[in-house]
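Welcome! Let us take a walk through this structure together, one feature at a time.

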Amino acid sequence: MKSTSFATGALAACLLGVASAFAVAVTPAAAVVITSLPDGVKQEFSLHPRSVRVPIEFGDGVTYQATTLTGAQTNSYFGYTDGFTFPDGTNWGGGEPFAAVGLQSAIMSFTFDDPVSALLANFIWSRTQDTAFKFRAYNANGALLESLTFATNDPAYPKGYYGFQRETNDIARFEVEGYYFGVRDLSTFVDPTAAVPEPATWAMMIMGFGAAGAAMRRRRAMLTA
């Protein structure tokens, strides 16, 4: 009876170790909010002379689309270079191609064929509305990795460059949500030395279950001896 209890306790301890290892393996890497990305690769916006309502592929395997807050596709400007004036009087026309939405709340998404570890873009938004401006990063499974939300009139967040940087190449989609805003000069970075989370997770699980199986075989041998 004591041997059985001992074996059960040992197995439980081993399985607890597996669960702990698995928990460590799947814990998302912490993100850092950045305002510069010196090693970033610029993703050139393809030029479009008028508003668009469908997903647009551009750069190195990046897909852009704009939707309403309920997920319906909506009109936006992408790869636009003509005059577009924001509520603060800033006009982005005549320079860098940009994406923008006017008098509406919308979500712009940038989906990457190959997940990245960092991204950065230049943002401008209406500061006259008492609303929130939001950045969100997701992995390939749609799980939220990181987000940043601030009031549009918060002086701590001036218009300019913002992005995320992580320890793994797991950012598969980046979203921007706001009212009357623009995005341009998007750059991304793939870290060649970053860990790949999925294989590491499976390796930890396989090692843990292998250890659990070995422990069970040893305990059975002790009981039958």
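## Lysine 42 and its partner

Lysine 42 is partly exposed, with a relative accessible area of 34%. This residue forms a salt bridge with glutamate 96, and the closest N and O atoms of the two are 2.7 Å apart. Lysine 42 belongs to strand β2 (residues 41-42), while glutamate 96 sits in the loop between β5 (77-80) and β6 (98-100), so their pairing ties together parts that are 54 residues apart in sequence. Glutamate 96 also counts as partly exposed, at 25% relative accessibility. Please keep in mind that this is a predicted model.

How many salt bridges does the structure hold? There are eight salt bridges in the structure. As a general point, side chains of opposite charge can pair when their charged atoms come close.

Another of these pairs brings together lysine 159 and aspartate 88, whose side chains meet at 2.9 Å, N to O. Lysine 159 is partly exposed at 43% relative accessibility, and aspartate 88 is partly exposed with a relative accessible area of 43%.

## A network of charges

Which residues are linked in a network of salt bridges? They are Lys134, Arg136, Arg173, Glu175 and Glu177. Within this group, arginine 173 forms a salt bridge with glutamate 175, where the closest N and O atoms are 3.1 Å apart.

Are these two partners buried or exposed, or something in between? Arginine 173 counts as partly exposed, at 22% relative accessibility. Glutamate 175 has 11% relative accessibility and counts as buried, because the cut-off for buried is under 20% relative accessible area.

## The six-stranded sheet

Now to the strands. Six of them make an open sheet with antiparallel pairing, in the order β3-β4-β7-β12-β9-β10. Which strands are at the edges? The edge strands are β3 (56-58) and β10, each of which pairs on one side only. On average, and with direction ignored, neighbouring strands of this sheet are turned by 15 degrees against each other.

## Strand β9 and its neighbours

With strand β12 (residues 171-179), β9 pairs in the antiparallel sense over five bridges. Phenylalanine 135 has valine 176 in β12 as its bridge partner, and tyrosine 138 stands opposite arginine 173 in β12. That arginine is the residue that forms a salt bridge with glutamate 175.

β9 also runs antiparallel to β10, and seven bridges join the two. Here lysine 134, which is also part of the salt-bridge network, has threonine 149 in β10 as its bridge partner. The hairpin of β9 and β10 has five residues between the strands, and in this hairpin glycine 142 takes a positive phi near 85 degrees. How much of β9 is covered? The strand is mostly covered, with five of its seven residues buried.

Tyrosine 161 lies in strand β11 and is partly exposed, with a relative accessible area of 33%. Which residues does tyrosine 161 contact, leaving aside its neighbours within four places in sequence? They are Ile34, Thr35, Leu120, Ala121, Asn122 and Asp185. With aspartate 185, the side chain of tyrosine 161 makes a polar contact, side chain to side chain, at 2.5 Å. These two residues are 24 residues apart along the chain, and their C-alpha atoms are separated by 9.0 Å.

Leaving aside neighbours within four places in sequence, proline 158 is in contact with Trp125 and Arg127. Between proline 158 and phenylalanine 123 there are 9.3 Å, C-alpha to C-alpha, and the two are 35 residues apart in sequence.

Definitions and conventions: Residues numbered from 1 in each chain as written. Predicted model: local features only at pLDDT ≥ 70, side-chain atom pairs only at ≥ 80, totals over all residues. Heavy atoms only, no water. Salt bridge = Lys/Arg side-chain N within 4 Å of Asp/Glu carboxyl O. Helix = DSSP H or I, 4+ residues; strand = E, 2+ residues; numbered from the N terminus. Buried < 20%, exposed > 50% of the residue type's maximum accessible area, 1.4 Å probe, protein only. Contact = heavy atoms within 4.5 Å. Polar contact = N/O pair within 3.5 Å; in protein donor to acceptor, adjacent residues only side chain to side chain. Pairing = 2+ DSSP bridges. Axes fitted to C-alpha atoms, helices over the stretch in contact; angles between N-to-C directions.
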